[in-house]
Amino acid sequence: MKKISTFLLASFFAVVSYAQTNIPQLVSFSAVVRDANNQPLVNTPVSIRLTFKEGGQTGPLIYCALHQTTTNQNGFMSLQLNRDVLGTGCNGAPSTAFQNIPWENGGFWMEVEYQTVPGSPFVNLGQLELASSFYAFAAGTAERIAGFDLSGANDGDVLTYNITTQQWEAMPPSGGGTGATGLTGADGAVGATGLTGATGLTGATGPAGLTGATGPAGPTGLTGATGLTGPAGTNGIDGATSNDQQQLSVSATGDTLRLQNGGFVIIPGLSAANNSGGGAGVTFNGYTYTSIVIGNGQEWMAENLRTTTYANGDPIPNVTDNTQWENLTTGAWSHYNNDSQYENPYGKLYNWYTVNDSRNVCPTGWHVPSDAEWTVLSDYLGGLAVAGGKMKSTGTAYWLTPNFGATNESGFSGLPGGYRNYDGTFDDIGNDGGWWSSTEFATYNAWYRYLYYNNGNVYRYYYSEANGFSVRCLRD
């Protein structure tokens, strides 16, 4: 019998109906299940146990559901979190309904486990932090928004929170609200490098703009990591306590709410398209790379690395033999399928030992991004559940159909270059693209980021350091 490895790629798609009386509380969960040889486990029944925790990875259990599904001929499986549930209250969690999860509290994690043989132990695949789109479920009824009266609002109205009346108030999109009731900071503190805006998110007559204590400068008036604060400092939302006051999670990137068909839609608080620009680029090992400056101040290569040398000029070996590749503990590169036709546009695939080499696989003045720096990028682009679409190149010239959600708003221009397995075999050209971080997860495993053709997610996962993934460099 094949063993399923712990390499399971999960994706989320929020399916939200915005009618006030018909919030479906439904999210789809999809995955590709692979066996111990990293091959798709096809046409196989799989039990999936999903356990939700509140407040962190070690927080109290608040919900658990058991599902049964079968992988298809490609090893792909899909289920819906609030449909066809075999049972709840498993794994020590209380027996509660999905729609009763207190989403307004924020900070939820989902633990994923699988089982292939009934009665056998479940295998823990790890935990995922749930994206803010889940918290839109908290707006299923007007009562979850403190004191807000729908009768005075119209479709398209943007909602801002009035700390004096302690309720959400509608501001028509055609005109700004007053500074006293806009999304401005309670304490009036302006971050030294925060994201500031000339007129704020509320229109020409709105507040002076949202600023954050630690975010980099940008033109749209968005918040930084410390919550919603602003220069007016009189009647705004304090980011540290806004979730308690609002009874709805609004992210620190400046998300607001819009009324639509009687329900509420979370509006992303940033637009990468308005906060990016061309970088200076860099020439390295005979090739000139274009670069892109993301609105958070990071300058990324807009192409995959293709160097054959380290920054000091030392060569990086090209290893084509599978057995030799599998036994490496030092740096090496290869083309996909050992075929140089994949050099353009996908670049080369490098094992993590190359990334971890002190000679630096990136040009002088650049480096392979850490796990934390990748997180800064995905957070700026709206979180793991949506950032992938903003990072993927558009169309299906390279990506398989449908290349779901691809807008490339960030200019990152991610391509599906596939990868090389630890055993030297190759997989998934056109299907997905993966990029190393410089951060080791544990001995023999390191963190990487992954984009997939069939959704707009970014996946944060760890994998064998002997694998070959693409590399992007970040300016120091």
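Colleague: On what basis are the values computed?

Modeller: In this predicted model, local features need pLDDT of at least 70 and side-chain atom pairs count only at pLDDT 80 or more, while totals for chains, interfaces and linings use all residues. Residues are numbered from 1 along each chain as its sequence is written, and side-chain values use heavy atoms, with hydrogens and water left out.

Colleague: Which residues touch the most other members in the largest nonpolar core?

Modeller: In soluble globular proteins, nonpolar side chains tend to be buried together. A nonpolar core is a set of buried Ala, Val, Leu, Ile, Met, Phe, Trp, Tyr and Cys residues joined through side-chain atoms within 4.5 Å; buried means under 20% relative accessible area, exposed over 50%, partly exposed in between (1.4 Å probe, protein chains only). Here the largest core has 45 residues, and Trp300, Leu305, Val361, Leu377, Met391, Trp436 and Val471 touch the most other members. Strand S24 (445-452) is one of the elements giving two or more residues to this core, and S24 gives the most, with five. Helices (H or I, at least four residues) and strands (E, at least two) are DSSP runs, numbered from the N terminus.

Colleague: Which residues of H6 are buried?

Modeller: Ala387, Gly388, Gly389, Lys390 and Met391 are buried in H6. The cover over the buried residues of H6 includes H5, S24 and S25, where contact means heavy atoms within 4.5 Å.

Colleague: Where is the cis peptide bond with proline 402?

Modeller: This bond joins threonine 401 and proline 402, with omega about 15 degrees; proline 402 is in the loop between H6 and strand S21 (419-420).
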